[in-house]
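Please read the following explanation alongside the model, moving from single residues to the contacts that join separate parts of the chain.

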Amino acid sequence: MQNALLFLVTVLIWGSTWIAIAWQVGSVPVLVSVFYRFGSAALILLLVLAALRRLPVPGWRDQPYILAQALCLFSCNFLCFYSAAAYLPSGLISVIFSLATLYNAVNARIFFGDRIAGRTLLAAALGVSGLLLLFGRDALIHLDGGTLSGAGLAALGTLFFSLGNMASRRNSAAGISPLTANAWGMAYGALLLLALIGLSGTPHAAPPDGRYLAALLYLSLVGSVVGFTTYLMLVSRIGSSRAAYTTVLFPVVALSLSTLFEGYRWDAAGLLGLALTLLGNVVIFWRAPAPRPAAQPLR
């Protein structure tokens, strides 16, 4: 029951964060927006855990993996996603992000020796076919390459996310709770983003309006503090591959919001593409029912 609740909360929260990300794209540079998000999220989480006296400092042996989690989950991946939002509707970005199931299967094989089932190859073929149907027409129409750039950035961000899952899996196995790893990881990520802002000379920009502030508050408190905690708790409880199944349902929430707020228009090819992409993810987790034991003959 607890796993089901964590699953549902993660789907609803992260399925809705994509539209909030789209609302932050514009007058504030991407680096600054991502810094605002994780700087405020880190501050909230560190203060709460410190007040509860539940903020242990990870040992030196664990620090490189906390830093890896910071780079992959709390900085580099979202730099890619926020940049992609300048080219693509938020709902389509979430569709690409749903391929995290495939990334996680491959990376779990590389880093932990998990076996890749044959159905993973089928899932990859279904997913790629779905994405071609979703993006093929726009890629041909938009000769400036904006659609392809957005898709590439979203795919790169999903790769970073998956690598962050591997770091989180290692940290959980080392006995570091998701809350502790998130608190320090978000703090490290915010410091890295601040350093990049300084090194690149990116101008600071104040939040321009109430909608931006509302989106920032939602992304910091709900999307980051709550969402990442529930997701990484799932990773620690059921494994990275099964936890990534939450991403299968993100596009349903995200594309619904994109249709309402961004004017995303569906057509037959888009619906078929979405269905194939989701089916590709579902294939990974399908399990045939265990055969029933043969009845013993009466004696």
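Val 30 is found in helix α2, where helices are DSSP runs of H or I with at least four residues, numbered from the N terminus. The model is a predicted one, in which local features need pLDDT of at least 70 and side-chain atom pairs count only at pLDDT 80 or more, while totals for chains, interfaces and linings use all residues. Residues are numbered from 1 along each chain as its sequence is written, and side-chain values use heavy atoms, with hydrogens and water left out.

With a relative accessible area of 26%, Val 30 is partly exposed, a class that lies between buried (under 20% relative accessible area) and exposed (over 50%), computed with a 1.4 Å probe on protein chains only. Not counting residues up to four places away in sequence, Val 30 touches Leu 79, Tyr 82 and Ser 83, where contact means heavy atoms within 4.5 Å. The C-alpha atoms of Val 30 and Thr 202 are separated by 9.4 Å, although these residues are 172 residues apart along the chain.

Two of the residues that Val 30 touches, Leu 79 and Tyr 82, are among the buried residues of helix α4, which are Asn 77, Phe 78, Leu 79, Cys 80, Phe 81, Tyr 82 and Ala 84. Helix α4, residues 76-84, is thus described as mostly covered, with seven of its nine residues buried.

Which residues form one aromatic cluster? The cluster is made up of Trp 14, Trp 18, Phe 38, Phe 74, Phe 78, Phe 81, Tyr 82, Phe 97, Phe 161, Phe 228 and Tyr 231. A pair of aromatic rings is described by the distance of the centres and the angle of the planes. Rings of Phe, Tyr and Trp (its six-membered ring) pair if their centres lie within 6.5 Å, and planes under 30 degrees apart count as stacked, over 60 as edge-to-face and the rest as tilted. By this rule the count comes to 18 aromatic pairs. The pair of Trp 14 and Phe 161 is edge-to-face because the ring centres are 5.9 Å apart and the planes stand at 75 degrees. This pair links distant parts of the chain, with Trp 14 in helix α1 (residues 2-24) and Phe 161 in helix α8 (residues 146-173), 147 residues apart. Trp 14 counts as buried at 5% relative accessibility, and Phe 161 is likewise buried, with a relative accessible area of 2%.

Trp 14 also forms an edge-to-face pair with Phe 228, at 4.8 Å centre to centre and 70 degrees between the planes. Since Trp 14 lies in helix α1 and Phe 228 in helix α10 (residues 210-238), the pair ties together parts that are 214 residues apart in sequence. Phe 228 counts as buried at 1% relative accessibility.

Tyr 65 is found in helix α3 and, at 38% relative accessibility, counts as partly exposed. The charged end of Arg 170 sits over the ring of Tyr 65, 4.0 Å from its centre, and Arg 170 is listed with Ala 167 and Asn 171 as a residue that Tyr 65 touches, again not counting residues up to four places away in sequence. A charge sits over a ring if NZ of Lys or CZ of Arg is within 6 Å of the ring centre and within 35 degrees of the ring normal. The charged end of Arg 169 sits over the ring of Phe 112, 4.0 Å from its centre.

What angle do helix α5 and helix α12 pack at? Helix α5 (residues 90-97) and helix α12 (residues 246-261) pack at about 175 degrees, with their axes 8 Å apart. Axes are lines fitted to C-alpha atoms, for helices over the stretch in contact, and angles run from 0 to 180 degrees between N-to-C directions. That angle makes α5 roughly antiparallel to α12, a label given to angles over 145 degrees. On the α5 side the contact is made by Ser 90, Gly 91, Leu 92, Ser 94, Val 95 and Phe 97, and on the α12 side by Thr 247, Phe 250, Pro 251, Ala 254, Leu 255 and Ser 258.

Finally, the backbone. Most residues other than glycine have a negative phi. Arg 53, which is not a glycine, has a positive phi of about 60 degrees. Arg 53 lies in the loop between α2 and α3, and counts as exposed at 79% relative accessibility.

How values were computed
Helices (H or I, at least four residues) and strands (E, at least two) are DSSP runs, numbered from the N terminus. Angles under 35 degrees count as roughly parallel, over 145 as roughly antiparallel, 65 to 115 as roughly perpendicular and the rest as oblique.
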